[in-house]
Amino acid sequence: MSRAALRERMVGLDARLKLGGALFALLVALAGPAPYTASAVAVLALLASLVVGERAGVLLRRLGVALFSGLALWALHGLLRPEASGAWRLGLVLGTRVAAGATVFGLLIALTPPWALVGALRAWRVPAPLAEVIALAVRYATVLERAAHTAREAQILRLGYRGVRRGVHSLGALGGLTLVRAFDQAHATAEAMAARGCRGAHLPPSGDQS
């Protein structure tokens, strides 16, 4: 079976099963002996991602989040509690757990359309407003990713990453620009939902609507 056919088959699976499997994998990663269990879950999720044809760049970005989290915890622990030992282990535990979560749920999102994910969340008794917010977050995460990619390409054309100092400055500008665009998108989404009659109130179950 080709990767495309396998990916199409995985996309067609029941979203409730995929969501349940992802939550179970996350539970195992959090409850098992650290960092071994979380590392094993992350490796299995990475292998599954490669089998279904996920791009290497996407997988590296997911692991980059885990690496940043682990390094940030290690640095903060060293700054705030320089007399304590074992900071590297705390960073390793957090990094592997973040890697497990990022790879498992990244694979879930890649193989599940947003509308199917919302249906699965509602089937698992997640309140409708929260399910809609999660679906919007999943949808606009890709939009912000494309915006950040476009801005970074423009910075590269302007030699914004020539040298370490200039690269750090460009990276900070890119983070600020992405954050501003996230707020702009959130404001536009709120206005669009308000125009459709949403006032932030909890919607009644579909069976109660008349």
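How far apart do the end C-alpha atoms of residues 92–111 lie? In this predicted model, they are 28 Å apart, and the span is 100% helix and 0% strand.

Confidence comes next. The protein chain has a mean pLDDT of 81, with 94% of its residues at 70 or more. Helix α3, residues 36–51, has the highest confidence, at a mean of 92. The lowest is found in helix α7, residues 128–157, at 78.

Helix α7 also takes part in a helix pair. Two packed helices are described by the angle between their axes and the distance between the axes. The axes of α7 and helix α8, residues 164–195, come within 10 Å and cross at roughly 145°. The crossing of these two helices is right-handed. On the α7 side, the residues making the contact include Leu 136, Tyr 140, Val 143, Ala 147 and Arg 152. From α8, the contact residues include Ala 173, Leu 177, Arg 181, Ala 182 and Met 193. By class, the contact of α7 with α8 has 12 nonpolar, five polar and two charged residues.

Val 143 can be followed through this picture. It lies in helix α7 and is one of the residues in contact with α8. The C-alpha atom of Val 143 is 9.4 Å from that of Ala 182, and these two residues are 39 residues apart along the chain. Val 143 counts as partly exposed because its relative accessible area is 28%, between the cut-offs of 20% and 50%.

Technical notes:
Residues numbered from 1 in each chain as written. Predicted model: local features only at pLDDT ≥ 70, side-chain atom pairs only at ≥ 80, totals over all residues. Heavy atoms only, no water. pLDDT = per-residue confidence, 0-100. Helix = DSSP H or I, 4+ residues; strand = E, 2+ residues; numbered from the N terminus. Axes fitted to C-alpha atoms, helices over the stretch in contact; angles between N-to-C directions. Left-handed = near helix turned anticlockwise from the far one by under 90°. Contact = heavy atoms within 4.5 Å. Nonpolar A, V, L, I, M, F, W, Y, C, P; charged D, E, K, R; others polar. Buried < 20%, exposed > 50% of the residue type's maximum accessible area, 1.4 Å probe, protein only.
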